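Subject: Handover of a structure for your review

Dear colleague,

Please find below the structure that I am passing on to you. My notes on what was found in it follow directly after.

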Amino acid sequence: MNKDYLINTVEIDCPICNKVHSLEMRKRLTQCIVKGEIVDYEEVYYLCQLTDEEENEFVPAGIMDENLLRARDAYRTKKGLLTSNEIAIIRGVYGISQSDFSAMLGWGDVTVTRYESKTIQDETYNNIMSMAYESPMFALESLDKHKNRFTIEKYKKIRNRDRKSVV
């Protein structure tokens with residue numbers, strides 16, 4: 001389970017030994033608990049080889065966020081939910097932003113943003129996003145129902161989008 005491999009080497013200020021030097025950026029398969037379930041996911045971390053300390057690994061904040069998203073996506077996959085990337089792909093089909101997709105579905109402005117970046121959607125929201133992908137008619141009906149949330153220009157642009165050109 002802990003087999004890891006080198007991704008890259010980067011020259012940065014190491015918080016472990018407090019020196020600027022080449023650190024190994026590594027990836028390994030690991031486990032964590034998400035919503036009470038153990039999931040396997042790939043974790044990225046940095047390794048300092050200049051120290052004799054037992055703790056010679058660290059994860060910068062940005063990489064930590066990416067690791068957490070990978071863990072959440074592993075949970076989503078395990079539960080048959082759309083991953084954050086799959087949600088982004090659905091938006092891409094319609095050529096719309098996260099907030100526009102939320103508006104199209106009648107949700108709060110940041111709902112889709114949260115689903116793509118941190119929060120795990122429940123099955124109901126997941127099914128609605130899936131239906132927007134699987135049924136262009138459902139998506140158009142939803143857009144029409146919530147058209148007051150868009151400017152006329154944006155509404156027409158989304159409504160007239162050729163979905164087949166993206167799929």
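Axes are lines fitted to C-alpha atoms, for helices over the stretch in contact, and angles run from 0 to 180 degrees between N-to-C directions. Please bear in mind throughout that this is a predicted model.

Helix packing

Helix H6, residues 136-145, packs with helix H7, residues 152-159, at an angle of about 170 degrees, and their axes are 11 Å apart. Since angles over 145 degrees count as roughly antiparallel, H6 and H7 are therefore roughly antiparallel to each other. On the H6 side the contact is made by Leu-140, Leu-143 and Asp-144, and on the H7 side by Tyr-155, Ile-158 and Arg-159.

Cysteines

How many disulfides does the structure hold? The number is zero. For Cys-17, which is in no disulfide, the nearest cysteine sulfur is that of Cys-14, 3.7 Å away. The closest cysteine sulfur to that of Cys-48 is also in Cys-14, at 3.6 Å. A disulfide requires two cysteine sulfur atoms within 2.5 Å, so the distance from Cys-48 is too far for a bond. Cys-17 has a relative accessible area of 18% and is buried; Cys-48 likewise counts as buried, at 0% relative accessibility.

Aromatic pairs

The count of aromatic pairs comes to four. One of them is formed by Tyr-46 and Phe-58, which are stacked, with 5.3 Å centre to centre and 20 degrees between the planes. This pair links distant parts of the chain: Tyr-46 lies in strand S3 (residues 37-47) and Phe-58 in strand S4 (residues 57-58), twelve residues apart. Both Tyr-46 and Phe-58 are buried.

Trp-107 and Tyr-125 form an aromatic pair that is tilted, at 4.5 Å centre to centre and 50 degrees between the planes. Here too distant parts of the chain are linked, with Trp-107 in the loop between helix H3 (98-104) and helix H4 (111-117), and Tyr-125 in helix H5 (residues 123-134), 18 residues apart.

Is Trp-107 buried or exposed? Trp-107 is buried, because its relative accessible area of 8% falls under the 20% cut-off. Tyr-125, at 29% relative accessibility, counts as partly exposed. Together with Tyr-115, Trp-107 and Tyr-125 form one aromatic cluster.

Yours sincerely,
A colleague

How values were computed:
Residues numbered from 1 in each chain as written. Predicted model: local features only at pLDDT ≥ 70, side-chain atom pairs only at ≥ 80, totals over all residues. Heavy atoms only, no water. Helix = DSSP H or I, 4+ residues; strand = E, 2+ residues; numbered from the N terminus. Parallel < 35°, antiparallel > 145°, perpendicular 65-115°, else oblique. Contact = heavy atoms within 4.5 Å. Buried < 20%, exposed > 50% of the residue type's maximum accessible area, 1.4 Å probe, protein only. Phe/Tyr/Trp six-rings, centres within 6.5 Å; stacked < 30°, edge-to-face > 60°.
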